[in-house]
Amino acid sequence: MESVEVLVAHIQGLFRSSDEVSQLHSLLKQSEDALRSHADRLVPFLSQIDPSIHTLGYLFLLEAYSSESISREETSGFLLSVVEFINSCSTEQIRLAPEKFISVCKIFKDQVMQLGVPMQGIAPMRMAIRKLQTSTEQLTTLHSDYLLLCLLAKCYKAGLSILDDDIFEVDHLRDHFLYCYYGGMINIGLKRFEKALECLHNAVTAPMTTLNAIAVEAYKKYILVSLILNGQVPSFPKYTSSAALRNLKSYTQPYVDLANSYARGKSSELEACVQTNQEKFQSDSNLGLVKQVLSSLYKHNIQRLTQTYLTLSLQDIANVAQLNSPKEAEMRVLQMIQDGEIFATINQKDGMVSFHEDPEQYKTCGMTEHIDFSIQRLMVLSKKLSSLDEHLSCDPTYLSKIGKERQRFDFDEFDSVPHKFMQRAYLFIRKGSPNGVVRHCPQTILSSSIMIVLEKRVTMRR
Amino acid sequence: MDLSPIQKDLASKCYSAVADTCDDLMLKLASRGIRYQDEWPFAIHLLGHVFANDLNSARFLWKSIPLEIKESRPEIAAVWKIGQCLWTRDYAGVYDAIRGFDWSAEITAMVVAFSENYTKKMFQMLNSAYSTISVTDVAHFLGMSEDRAIDYALQHGWKLDSSCKMVIVKKPKTVTERKLDPSKLQRLTEYVFHLEH
């Protein structure tokens, strides 16, 4: 116990200069075992240290205390100390020992879930992420834990503040899978289906050497959300890993059947398909989404009519969309107009609906602002890719490999070299890489820059 | 429990901000492990979400309210009825839900504001969706008697065809801004520069 008291006295005597902090850090690292052996008696010492000034010391003590199992009576006290710690800790000191901070936060999350009060953890976890991140573009391990707490507490909107950040750096691929899957679920709950599709797409197409359960579940939801949003499921993009390409469909057969039945457009057939597979959908907790898929079929059938007709009677719409009456058709069309899914006018006098073109002319101030904003975002993304490209070009491993390859080509053939690597780039992506940097890139002018960056990674890995 | 941020929003009639203020305050109280449920203004919180047309958050909030509180405070259920009618697109049901309850003093102003907002939105919807519509339906969507509905429609420039009891919709002219200001030139230069390099 004396060693702990000495340590605490040392922590308290610290002034904030950086040399003393690094000295303290090494001292604390050496005393880790001593702290763990006295884990159950550390609580009184915690109250003697101010977490805002002596963050590092408090962190080590807290981590040692939480590494042993905490008794039920002490749990609420523990939770409150962690909340206070996260609120008042100093960011620079935490970044000296991030693994310890993450470990404390994870134990906090487990305790909060065990106690059945996930809402208690939301605000502190959000603060913890902001303090741990070096920039809002970094994905930490805590992101997926935060989203999980939001899902359990049904505070979906709280998850948006973190989900709306663009992520460019990923440390561990597993965090990425969970983050994308939970993010997809939160977006589905808030009915932001386009954003959900993006998240689930990232989860399904991320590099992986073998198929994992998260990607399988993500693909199931991906199929359902694609059907609700677009009425069809797109094929896999070229950069999907081969593990996913070969195996995903075999693990999600009922959903693939549903998609095929949907494509035929008959609601009675679709309902029959749902009935046969109902138990599977139920056990995957996807039944709610499946019901939304059913109701979206009527919507898409009506939308298809706009491509063929300029005006159509309500009775005809009811017949084509297999609705019960013209009144029901009128209500459905009204809902679709309200939601902006269709442009039409209903003429009750004649019982007709006239379909229009999208009145958006892209000339208003608001629309130009929106376009400007999107272009700015693309420019930032493009600059990031160029700097990544430059960085890789200067990498000695890459240069040594390309030096060896160069001899086989004449100077005139230089331009064709990148194309030779392109096929290998696809192979590389399909083999997956354990610490691949994942990028979310719109399929536009940037695809060529992406390919150049990817080619270079390929040569490095061979 | 300090609920002053919510009171401030209500007093200044910033009803669209009520939902966010309530969410943040609730998370803060929850993180301190305080049992806030007994004194929490769930009715105002729910109505805040309904006002901002965020029916998903309203649904999740309703699901998380403990059963005893739902049963002991009928006002919360009454607000939820409004949300339910909006969710199931029972357009006329919303008016019935608003008028069918004796609202307490602190929430009345918000309910009235919501009701006016909703009538305006319904009218805009009818404007954009219909070229002709029967008088009964107009009354149904606007929650008014047929005569009042006709007056309302005529006030906004619609025409009445009394022979078949139909109203002819007149779409308002939308004025869109198309000003060009100098900062746009700056931005265009940046784009061209970026594309060239």
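**A covered helix and its salt-bridge surroundings**

Helix α9 of chain A is mostly covered, as twelve of its 15 residues are buried (under 20% relative accessible area, with exposed meaning over 50% and partly exposed in between, for a 1.4 Å probe and protein chains only). The structure is a predicted model, in which local features need pLDDT of at least 70 and side-chain atom pairs count only at pLDDT 80 or more, while totals for chains, interfaces and linings use all residues. Residues are numbered from 1 along each chain as its sequence is written, chains are lettered from A, and side-chain values use heavy atoms, with hydrogens and water left out.

Among the buried residues of α9(A) are A:P118, A:M119, A:G121, A:I122 and A:L132; A:K131 is also on this list. Helices here are DSSP runs of H or I with at least four residues, and strands are runs of E with at least two, numbered from the N terminus. The helix covers residues 118–132 and, at 1.5 Å a residue, should span 21 Å (the expected span being 1.5 Å times one less than the number of residues). Its end C-alpha atoms are 21 Å apart, which agrees. Even so, α9(A) has a kink of about 30 degrees centred on A:P124, where the bend is the angle between axes fitted to the seven residues ending at a residue and the seven starting there.

Now to the charged pairs. Over all chains, the structure holds 22 salt bridges, each being a side-chain nitrogen of Lys or Arg within 4 Å of a carboxyl oxygen of Asp or Glu. In one of them, A:E137 pairs with A:K384, with the closest N and O atoms 3.2 Å apart. A:E137 sits in the loop between α9 and β1 and A:K384 in helix α22 of chain A, so this contact ties together parts 247 residues apart in sequence. A:E137 is partly exposed at 24% relative accessible area, and A:K384 is partly exposed at 29%.

Helix α22 also supplies A:R377, whose salt bridge with A:D166 brings the closest N and O atoms to 2.9 Å. A:D166 lies in the loop between α11 and β2, 211 residues away from A:R377. Both partners are partly exposed, A:R377 at 43% and A:D166 at 34%.

A further salt bridge joins A:D284 and A:K220, with the closest N and O atoms 3.2 Å apart. A:D284 is in the loop between α18 and α19 and A:K220 in helix α14, so the pair ties together parts 64 residues apart. Here A:D284 is buried at 16%, as is A:K220 at 5%. Elsewhere, salt bridges that share partners join A:K106, A:K109, A:D110 and A:D145 into one network.
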